[in-house]
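Biologist: Thanks for sitting down with me. Could we walk through this one together, a question at a time?

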Amino acid sequence: MDADLAFSAIRISTPLIFAAMGGLLTYQAGMLNIALDGFMIVAAFAAIAIAYATGSLTIAVAGGVACAVVMAGLLALFNLRFRAHIFIAGVAVTFLAYGLTALLLRGILGEEGVFSSNTIPNFPPIAIPFIKDIPVLGRVLSGHTLLVYVAYLCVPVVAWSLYRTRWGLRVRVVGEAEDAALAAGIRVERIKVQTMLLSGVFCGLAGAYLSLGYVSLFANKMTNERGLIALAAIFFAKGRPYPTALVALLFGTATALSVRLPQMTGAAPQLLQLIPYVVTVLALIVVGLRNARGRNRHGAWKFDVT
Amino acid sequence: KLRVAMITSESGLGDRSFNDMMVEGMKRAEKDFDAEYVVVQPRAVSEFQSAIARAAAQGFDIIVGSSFDMIKPMQEVAKAFPDQKFGLVDVGPDPLGPNIVSTVTKDWEGSFLVGWIAAKTTKTGKIGFVGGKDIPIIHRFFVGYYYGAKMANPATEVFESYSGTFTDPAAGKEYTLALINQGSDINFAVAGATSAGVIDAAKETKTFAIGVDSNQNYMAPGNVLTSMVKRVDNQAYDMVKSVSDGTFKGGEVKYYGLAEDGVAAAMDDNNKGLIADAVLADVDTLKAKILSGEIVVPNYFDLTPGQKEMGTPPMATPPSVANAK
Amino acid sequence: MSTEALDAAPSFPLAGLVKPLVQPLVAVAIAVLVGGLLVLALGENPIEVYSILVHGSLVGWPNFLVTLQMMSPLLFTGLAVAISFRAGLWNIGAEGQMIMGALAAGIVGYAVDLPTALHIPLALIAAFAGGLAWALLPALLRVWLNLNELVVCLMLNPIALLLSGYVSTHLLKAPGPTNKLPDIADTAALPTFSLYSQVNAGFVIGLVLCLVFAVVNGGTKKGFEWKIMGLNPRFAYYGGIRVPLQAVLVMMLSGGIAGLGGAEQVLGEYRAFYDNFSPGYGFDGIAVAMLANFHPVGVVLAAFLFGALNGGSAVLQMMTGLSKYLVQVLQFIIVLILAAQFSWAFLGSRRKAPPAHAAPAAPKEE
Amino acid sequence: MSETPLDVVSISGVVKRFGDFTAIHDASLTVRRGEVHAIVGENGAGKSTLMNILYGLLPRDAGTIELFGRPVTFSGPAEAIAAGVGMVHQHFKLAPSFTVADNIILGSEPLAGYGRIDRARAERDTAAISRRFGLDLDPRAVVGALPVGLRQRVEILKTLYREAQILILDEPTAVLTPQETRELFATMRTLAESGHSIVFITHKLREVLAVSNRISVMRQGRIVATLDNEGVTAQEIAGLMVGRSVLLRVKKAKAEARDEVLLKVDGLEARGERGEAAVDGLSFAVRSGEIVGLAGVQGNGQDELVECIAGLRRPVAGSVEICGTKAVADPRRNRAAGLAYVPADRGGVGLSLASGIWENLTVGHIEEFGRGPFLAIKAARARAAELIRRFDVRGATLDKPAGSLSGGNQQKVQIARELTRDARLVIAEQPSQGVDIGAIESIHRTLVEMRDAGRAVFVVSADLDEIFSLSDRILVIYRGRIVADLVASETDPETVGRYMGGLEEAPPAAAASVSEAADHVH
Ligand SMILES: Nc1ncnc2c1ncn2[C@@H]1O[C@H](COP(=O)(O)OP(=O)(O)OP(=O)(O)O)[C@@H](O)[C@H]1O
Ligand SMILES: Nc1ncnc2c1ncn2[C@@H]1O[C@H](COP(=O)(O)OP(=O)(O)OP(=O)(O)O)[C@@H](O)[C@H]1O
Ligand SMILES: [Mg+2]
Ligand SMILES: [Mg+2]
């Protein structure tokens, strides 16, 4: 039971982590990217359509990612070139993506609402040598599909790029002090575009995982606002990769728990489904209290802007 | 040409449930009766009345809707347009008005059947149910399923869960895997697009899912035990037909149960051999008993709290029944 | 990321009234063009589609009234978002606040027995209080713990939905096949005017609220303070504006207005609290508010645009069999293009964005 | 323009418009190799704009720029940097939460493969150039925690790290203490001797005369004169800048301090941003009718002290009384008690750069306009227009965002707003920071008038010139304590300077080296 819970928590958190890594890069570059869901849904759709057409998972994932990157490019274009506010452009892109995928689902795949097919290949579960033989841990860590491992590997990679590389330094400076970056001769717009496109890449992986890895089908709006949850995790952790992943994992664990509780408690499903959200708010409050202690006593008055 | 307007419920097309099924019926009717149809998808219950009224003003030959929440709006509009014909699919037994026909689908009978099959087929003695939202219509499926299983084998454990969404296959899969982890090896999915995730989970774990509404056996041949088909398409088709051949009779309430082929456990090549022949044979006798009235399958809406309609020995009341009304 | 960023790209369309009208018109023209191409790609005649959309939303009382019905909830949520964003508070919890307001109105609407003259006001007050209560938590956490209200609101939206779902499914459910509370008493109902549309007295309330807030924003001390606070809270605080207090006040007003939107739905359109009644009015409200550049009169215009598109959508579906998603796509192409600053790029000097001086780099919490 | 190879920069006929406002009309300027070239001019004359054009931050509308004899057009600072131009903006363009080394290498980072930053080398290089130019700095220190003087070093090292031949320093001394200023000048001379050219913008004419080889005067977007620094006097330059003669030092009558204590600080303790004890048991009083100057090197607790008085920070212990009312941690209440406050951080605290100028002028005066809940916008705008005229805010219109004003003019907006408050206690932090001499004159005069009208004025400044020209009494703060309380007419800058440096606890004995260096400046 516990191993199963942990196994499932890892799986549930996977799309959140992918999306959060994407959103985190734009956050670090000073952009509030609310369109994660939009990128994801497009990728989910493209991935399944391409997998159906070609039978190749590799091409499908690549295609899904490419389409998500196109959406990201659209957002970047409108935000940076046409100077639309990122928030409204993000909202618009998201709903555009929902509508577009629904239209295309009918237009291309001839289905209304849901598409699935038996010809679409599956990602096989991967048994990790050695680890799989460790008693409990083995059952938790081994046996996931490829993209799950990719997601968790992305976290150190993102952290490494942000904190160790030239590019990461520039991204962070652009986010913290755009004028400093500008004066240092950094092409701020280019950095912003890059993070936005990368955001598309990660959300593309999230979407492809949703439609090809998690399940093997596409449904309208199937991201079910996972992008917003990822966004909350990013803000919660102030854009730091490891804490962000941790918050996503916390949410995933709470969800896994709420899925398993009905049989044990007989409580109303609505109340059980509250758990992940309530847990997140409580965690937020605990962290907030810890930060606020001391500061309020002597500190200067603070009212941070986002 | 016959012009038909179909108003979907707020969940709209793509629900893999009555909205999609009705469209299937419309498609057939279009061919058979030289009709043409349009689909209007309101986004919210509050938009039903305006959609129906504006359709009435456009002078369609018949306006067909679904969903309990459309009863009042349709009655309002029907009063204002006494010459307009209306049809409402899958609602209650009460006549709705002089120019409205309505239908009742006895999906509880079908659910009873698949529950019975599931209990006879399970190897673990545990079966599950994954509903979409925690709403009465879905409970109606559960109650039928529950009693079917208990009738087949009172020792069967029946897990009940609701994913809270009709549009998230990943959540459906998660809920199903949780049930499977508790030993359930057959799970009945009544959750719109979320059902797809239930079937996906069955495929992955080599257990069984039971589809709903349309015949979903094809979605994972070998892992969908059967589907509890609910022929809403026939109901819509028949409504158009009645207008076409002049048999439309306002105020009529038609039943679509086992007797009328309104519901059934779907059997086709995709699930051939999954159900033991002996069980299949029993299904036929069971059906006959239901048709003859020897067995009365309880309709969730008729239950009162704590009511034990049938079966011996007395069985526990499922929570959703206990909470009813 | 920063509130300043809200102003980095100034002059959203629909905001002022006379001068900025040129730009939206250009943008609408572009959007119409792009949308037309899309329709063409789907194999339909764009001119026909547009004429049906316009006809179906504006021509004739029934159609027009439906448009008003569709815009009613957006007046509230749009206004709620607009006043909070303008004050630098990212209240994206209008959805949850609206649900809680609706729930409160729904309960008062059926559980209390009063004459109309008292019942409606009481239900409205309850709705206001419900929305307000739901905005209070993010506001207080913001002021006390400096927690980002955006995260809290993101979490509170599903919590509101699930809690109200619990109440309407398990605690106070009306008998019958739908998860809803019992119907409200006739004494609590906001009158409707037509068979064709559920537009009701709530629409007038929304309109009046928008006008009231146009005056509040443009002509009162509070409105002035909120604006300054939105652009630079430290400066505002230094200048003697009680920013924490005002932040809570604005959030409460914002939540209350969203809650009143819930009352409009329950008392006017649904006549009972229905579980899951909102198809996302809260999020539409964000788009409306931003399109309006947070100006209450702009909110009316933007809500009207949204209402017209959604109202026309049903007719379009009836006449052509096109999917509702087509209208959704068109709608957000228009939003996207309206939000863009095309005209400057094309008509004005092609200078790059000025060095962002007025918008210092997004401050981040350390 | 002269074609001598000595000219490394030659700007001719440059024009810059912002919308229909022309900030630079036809400006021409040459900078020679190895010279320190000062640019002076009134607020809004276009100095920063012209230099931003040279640095590639702004495009020009007409004219040519030649570098080392070759015509150039930069589309961004990256190209200017590559061509050997470096610029230190007065508002430092630094990323506060990053280390010194990170800030310095930003934009031309040393790599260690796979795009990785070679941090070890970055720190080594940083340490090396800071040693070479005598600008000591810890490469690993976090910039946000450094005092202003050191931050400026970071800025200068940034340009040196990229091997800039031409350094533009925009008002580098405005926030420096005399010691820091001297060090900066020494650095500038070293750099010039090693062949760099330095463009130096300032409002302090004494500094101009002390350090520059040539002086260009800008007025209303034009270079009106370029002079050799020989035999020119401050008065002459001032005349060229303003077009009239100005008083370089405000005449003021002797203070008639009354006994009414308007500001009383008693045993105040406060912590800084990182929880350190910044103000450490500090007491003093300011009476009506006197100007008290608080001198001190930045970062010795002045900020925290003033924030406590203003209500922006909660003290740990002790009390503050404003006009007899106990101050609390709420600016509104303290203001109501009779406080007017001109903060040093004008972009963050003192102004809303994105808001219109009239709005900036109205905050803090809201209650004066309109009755009840309504705001009399017409009246507020009328008053704002009046203030813009009265305080001579150049380039201002009512609705222009305050951020589009030149630095000095932003300061005037703050001053105008605060000094017109009906407040008996005035606290001014760096009141003439970045303000041209003409405006300094009027700001100082206003402060003296306030004193004469019986208000108490408390000036916090790192600029001893300012302290001495204004104060009746001088307090010196060092490490969160008042270490000296002197009568202005009975002391001198050297003494105060030593107290500021913590070199002195008791009355001073002249230290030769320091006073020599001081002479160099003053
Ligand atoms: N982006 C801008 N938009 C509009 N006006 C501008 C802009 N930048 C500068 N100006 C105007 O151009 C003029 C010159 O400004 P600049 O900053 O160059 O003056 P300055 O000589 O540096 O003044 P100060 O001594 O106060 O720093 C000012 O009137 C200023 O208001
Ligand atoms: N909104 C704006 N967009 C672009 N540029 C602006 C804007 N507002 C102001 N500017 C100009 O950018 C320049 C900023 O220059 P800088 O940061 O060096 O300040 P400064 O004028 O030297 O100030 P100070 O007098 O305090 O030194 C100023 O000339 C200012 O006028
Ligand atoms: Mg300047
Ligand atoms: Mg300046």
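Biologist: Which residue stands opposite Ile63(B) in S3(B)?

Modeller: Happy to start there, keeping in mind that this is a predicted model. Strand S1 of chain B, residues 2–7, runs parallel to S3(B), and 4 bridges join the two. In that pairing, the residue opposite Ile63(B) is Ala5(B).

Biologist: And on S4(B), what is the bridge partner of Ser66(B)?

Modeller: S3(B) also pairs with strand S4 of chain B, residues 85–89. These strands run parallel and are joined by 5 bridges. For Ser66(B), the partner in S4(B) is Val89(B).

Biologist: How many of the residues of strand S3 of chain B are buried?

Modeller: Let's take the faces in turn, with buried meaning under 20% relative accessible area. One side carries Ile62(B), Val64(B) and Ser66(B), the other Ile63(B) and Gly65(B), and all are buried. For S3, residues 62–66, the count is therefore 5 of 5.

Biologist: Moving to chain D, what radius of gyration does it have, and why does that agree with a compact globule?

Modeller: Chain D has 522 residues, so a compact globule would have a value near 24 Å. Its C-alpha atoms fill a box of roughly 65 × 55 × 50 Å along the principal axes. The radius of gyration agrees with the globule value, at 23 Å.

Biologist: How far apart do the centres of the positive and negative side chains of chain D lie?

Modeller: Chain D has 62 positive side chains and 67 negative ones.

Technical notes. Residues are numbered from 1 along each chain as its sequence is written. Chains are lettered from A and ligands numbered from 1 in the order in which they are written. This is a predicted model: local features need pLDDT of at least 70, side-chain atom pairs count only at pLDDT 80 or more; totals for chains, interfaces and linings use all residues. Side-chain values use heavy atoms; hydrogens and water are left out. The radius of gyration is taken over C-alpha atoms; the globule rule is 2.2 Å times the number of residues to the power 0.38. Lys and Arg count as positive and Asp and Glu as negative; His and the chain ends are not counted. The place of a charge is taken as NZ of Lys, CZ of Arg, CG of Asp or CD of Glu. Buried means under 20% relative accessible area, exposed over 50%, partly exposed in between (1.4 Å probe, protein chains only). Two strands pair if DSSP finds at least two bridges between them.
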